[in-house]
Amino acid sequence: MHWKCSVCNYIWEGEAPPEKCPKCSHPKEKYQALTEEQWGLVERSRLTNDLHVKLLNILPALAEIARQGIEDDLDPPCVKIFQQIREQASFLEQSIKAELEGHMKKGKWG
Ligand SMILES: [Zn+2]
């Protein structure tokens, strides 16, 4: 079974909730059992959120490559591509952050 701390959202796996929360130290009464459906949503959300985080980790590398390409300035078509990549990397980074904030507010965060 899975249990969730209603104070700090820590998820505990076991037959019963912990005597006190390992994260926030509140007593077990603050823990609520998750239904199979709720636990399924947590697992799904964790997968999607992990993918978003992986993208967040590589987008700065794309932006850095694009910055070097712009600085290299071989010819206008190349610079245009690099500028687009830099803009898209920034747009995607901000979009992912906004989406993750939305997930957290809806409880779609493990
Ligand atoms: Zn807690």
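Trainee: Are Cys8 and Cys21 buried or exposed?
Mentor: Start with the cut-offs: buried is under 20% relative accessible area, exposed is over 50%, and partly exposed is in between (1.4 Å probe, protein chains only). On that scale, Cys8 and Cys21 are both buried.

Trainee: What kind of model is this?
Mentor: Residues are numbered from 1 along each chain as its sequence is written, and side-chain values use heavy atoms, with hydrogens and water left out. Local features need pLDDT of at least 70, side-chain atom pairs count only at pLDDT 80 or more, and totals for chains, interfaces and linings use all residues, since this is a predicted model.

Trainee: Which residues are the protein donors of the zinc ion?
Mentor: A donor is an N, O or S atom within 2.8 Å of the metal (3.2 Å for Na, K and Ca); water is not among the atoms, so sites may look incomplete. Here the SG atoms lie 2.2 to 2.3 Å from the zinc ion. They belong to Cys5, Cys8, Cys21 and Cys24.

Trainee: What is the geometry of the zinc site?
Mentor: Four donors count as tetrahedral if all angles lie between 85 and 135 degrees. The angles among the four donor atoms of the zinc ion are 104 to 115°. The site is tetrahedral.

Trainee: How many residues apart in sequence are the parts that Cys8 and Cys21 tie together?
Mentor: Strands are DSSP runs (E, at least two residues), as are helices (H or I, at least four), numbered from the N terminus. The zinc donors are spaced C-x2-C-x12-C-x2-C along the chain. Cys8 sits in the loop between β1 (2-5) and β2 (11-13), and Cys21 in the loop between β2 and β3 (31-33), so the tied parts are separated in sequence by 13 residues.

Trainee: Where is Asn9, and what is its phi?
Mentor: Asn9 is in the loop between β1 and β2. At 45% relative accessibility, Asn9 is partly exposed. Asn9 is not a glycine, yet its phi is positive, near 75°.

Trainee: What is the phi of Ser25?
Mentor: Ser25 belongs to the loop between β2 and β3. Its relative accessibility is 42%, so Ser25 counts as partly exposed. Ser25 is not a glycine either, and its phi is positive, about 70°.

Trainee: How far apart in space are Ile11 and Ala33?
Mentor: Ile11 is in strand β2. Its relative accessible area is 15%, so Ile11 is buried. Ile11 and Ala33 are 22 residues apart in sequence, while their C-alpha atoms are separated in space by 9.6 Å.

Trainee: What distance separates the centres of domain 1 and domain 2?
Mentor: Domain bounds come from an automatic or database domain assignment. That assignment gives domain 1 (1-34) and domain 2 (41-110). Taken over C-alpha atoms, the distance between their centres is 34 Å.

Trainee: How many salt bridges are found in the whole structure?
Mentor: Look for a side-chain nitrogen of Lys or Arg within 4 Å of a carboxyl oxygen of Asp or Glu; that is a salt bridge. Among them, Arg67 pairs with Glu71. A search of the whole structure gives a count of five.

Trainee: Which residues are linked with Arg67 in a network of salt bridges?
Mentor: The closest N and O atoms of Arg67 and Glu71 are 2.8 Å apart. These two are four residues apart in helix α1 (residues 36-72), so about one helical turn separates them. Arg67 is partly exposed at 36%, while Glu71 is exposed at 61%. The residues linked with Arg67 in the network are Glu64 and Glu71.

Trainee: How far apart are the closest N and O atoms of Lys97 and Glu93?
Mentor: Lys97 and Glu93 are four residues apart in helix α2, so they are about one helical turn apart. Both are partly exposed, Lys97 at 39% and Glu93 at 22%. In their salt bridge, the closest N and O atoms are separated by 3.0 Å.

Trainee: Which residue does Glu101 meet in a salt bridge?
Mentor: Stay in helix α2 and go four residues along, about one turn of the helix. The N to O distance is 2.8 Å, and the partner is Lys105.

Trainee: Which residues make the nonpolar surface patch?
Mentor: Patch residues have over 30% relative accessible area and no salt bridge; like charges are joined within 9 Å, nonpolar side chains (Val, Leu, Ile, Met, Phe, Trp, Tyr) within 5 Å. Areas come from the Shrake-Rupley method with a 1.4 Å probe, and for residues only the protein chains shown count as cover. Ile85, in helix α2 (residues 76-105), is partly exposed at 34%. The patch covers about 240 Å² and is made by Leu62, Ile81 and Ile85.

Terms used: Tetrahedral: all angles 85-135°; square planar, octahedral: opposite > 155°, others 65-115°.
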